[in-house]
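Please look at the sequence and the model shown here, and follow the chain from its overall fold to the surroundings of its ligand.

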Amino acid sequence: MTETEDDICLRISSPARMRNIGEKLGKMLEGGSLILLTGPLGSGKTTLTQGIAKGLQSRDVINSPTFTLLKEHTTGRIPLFHFDFYRVDDQSEVWSLGFADYFSGQGVCVIEWAERTPDIWGDEWLWISIEQTLHKERIARLRASGARSAMYAQKLKGGFR
Ligand SMILES: Nc1ncnc2c1ncn2[C@@H]1O[C@H](COP(=O)(O)OP(=O)(O)O)[C@@H](O)[C@H]1O
Ligand SMILES: [Mg+2]
């Protein structure tokens with residue numbers, strides 16, 4: 001397993017910048033990618049996902065799927081499966097709902113509150129953990145497992161100004 005040596009930290013000064021980072025990521029994503037998002041309520045996980053959807057050329061409106069666990073967006077160049085595990089209490093729920101098939105499938109999966117199900121993620125994922133610092137500032141910490149995800153992280157770092 002290839003892991004990035006150190007976490008990459010990006011300082012993000014506005015929601016627009018957060019969408020921008022998401023869009024950059026969305027443009028490079030290949031089918032089968034797993035993007036795991038962590039951070040408190042209101043930290044920007046859904047805002048980042050809106051950018052990812054745009055980068056995938058999706059025309060859908062992206063909002064928090066809190067009441068459904070999963071929203072499928074199929075108007076982009078690759079299907080986007082947007083999960084929100086805020087209400088998941090036990091990892092077994094996710095297994096019994098059959099979501100594992102999505103995680104090993106051909107779409108892009110973005111999972112908010114991915115830390116609720118730590119044992120599910122296998123060895124190819126990009127983990128983005130978001131912290132709120134000042135009023136509109138966020139720090140996104142990137143950690144990758146697997147060569148492809150490590151490349152996503154490096155490219156995001158490289159394109160970051
Ligand atoms: N730098 C920033 N990045 C992302 N969101 C920000 C930022 N600054 C302020 N916000 C605001 O914080 C909120 C984030 O909400 P959301 O993306 O739904 O969070 P989450 O999905 O993590 O609960 C939005 O109202 C957004 O406008
Ligand atoms: Mg959300």
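The paragraphs below go from the whole protein to the shell around the ligand.

The coordinates are those of a predicted model, and the protein in it contains five helices and seven strands. Read from the N terminus on, these elements follow one another in the order β-α-β-α-β-β-α-α-β-β-β-α. The radius of gyration of the protein is 14 Å, close to the 15 Å that the globule rule gives for 161 residues, and the protein is therefore as compact as a globular protein of that length. Its C-alpha trace spans about 40 × 35 × 30 Å along the principal axes.

Of the 161 residues in the protein, 40% are buried, where being buried requires 20 or more other C-beta atoms within 10 Å of the residue's own.

Which residues come nearest to ligand 1? Of the 18 residues around ligand 1, these are Met18, Gly44, Lys45, Thr46 and Thr47. Two helices, α1 (15-28) and α2 (45-55), each supply at least two residues of the shell around the ligand, and α2, with three residues, provides the largest share of that shell.

Key. Residues are numbered from 1 along each chain as its sequence is written. Chains are lettered from A and ligands numbered from 1 in the order in which they are written. This is a predicted model: local features need pLDDT of at least 70, side-chain atom pairs count only at pLDDT 80 or more; totals for chains, interfaces and linings use all residues. A residue is near a molecule or strand if its C-beta atom, placed from the backbone, lies within 6 Å of it. Helices (H or I, at least four residues) and strands (E, at least two) are DSSP runs, numbered from the N terminus. The radius of gyration is taken over C-alpha atoms; the globule rule is 2.2 Å times the number of residues to the power 0.38. A residue is buried if 20 or more other C-beta atoms lie within 10 Å of its own, exposed if 12 or fewer, and partly exposed in between; C-beta atoms are placed from the backbone.
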